[in-house]
Amino acid sequence: MSRYASPDSLQHSLSSVSIAPALHVQTPDRLPHPSVNHWFKRSLDILGSLVGLLVLAIIFVPVAIAIRLDSPGPIFYSQQRCGLLGRCFTIYKFRTMVQGADRMQEQPDSLSDAAKGKPFNFKRGRDPRITRVGWFLRKTSIDEFPQFLNVLKGEMSLVGTRPPTLDEVANYADHHWLRLNVKPGITGEWQVSGRSRIDDFEEIVKLDLRYQALWHPLYDLSLILKTIRAVLFGVGAM
C-alpha cells in the first residue's frame, strides 16, 4: 500500500485549508532534509532576511506609490502555499497583477499551468493581467522582497525549492513530494538555471532534488551569489 495520500484525501485536506491555514496538507510520512535543521543555514537565513528587510524598508515607499498609481488595489499580495513537508503558510509579495486576477484565470505564478502536456508549469507568455509596474517588479525580482519576512519567521529559506500552491500539490505524483523535503526558498537551482527557459515541471523537480543531493553550507552561498548575478544582469528573469 502506498504511503502517499490519495487524490480524494488530498482534495479534502486542501478544501479545509482556506478557512484553517494552520492545518497541514496530508503528505507522505517523510523526514526533512538535513539542511532544514543545520545551524549555519538558519543563521544565514536570519542574517540574509534582516538585510533583505532593511532594503525593503528603504524601497517600500516608492514601490508602494508606484503600485497604487499604476492600478487600484492593495500593495501586497498574499497566498496560501505549501512549505516543508506540505505545511501550509501564507506567502507575501508586492502585488504585480490587476485586482481580482485570481478569478480571471489560473495563477500564472504557480506550477499549475499546462506545460508540455503536464499541469505544473507556471511560466507562460506575457500575461495581460500583469500591470506595467508589475512587469518591472518581476523583472527585477523586487516583488519578492516581502518574502524575507517569511524567511525570518522560519517558513521559508533563502535557498530552497519554489513553494507550490495548494492546487499543485493536489496533483502531485509520489516522486514530486520529495521536493518538499526542504523549506521553500526565495531562490534555488531553478532560479539560477534559466528560470523562464525551463518550463518542464519534471526538469524543475530534478533541479530541486539535485540541490538536496549537492547541499552543504557553502553551496547555499554559491547559489545566492549566482542569484545576485542573475538579477543584476537579467539572466533568466521573467
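The model is predicted, so local features need pLDDT of at least 70 and side-chain atom pairs pLDDT 80 or more, while totals for chains, interfaces and linings use all residues. Residues are numbered from 1 along each chain as its sequence is written, and side-chain values use heavy atoms, with hydrogens and water left out.

Both partners sit in helix α8 (201-214), three residues apart, about one turn of the helix. Helices (H or I, at least four residues) and strands (E, at least two) are DSSP runs, numbered from the N terminus. Lys 206 is exposed at 53% relative accessibility and Glu 203 partly exposed at 37% (buried is under 20% relative accessible area, exposed over 50%, partly exposed in between; 1.4 Å probe, protein chains only).

I counted nine salt bridges by this rule. In one of them, Asp 70 meets Arg 132 at 3.1 Å, N to O. Asp 70 is in α2 and Arg 132 in α4, so the pair ties together parts 62 residues apart in sequence. Asp 70 is buried at 18%; Arg 132 is exposed at 67%.

I then checked Asp 143 and Lys 93, which pair at 3.5 Å between the closest N and O atoms. Both are buried.

Conventions
Salt bridge = Lys/Arg side-chain N within 4 Å of Asp/Glu carboxyl O.
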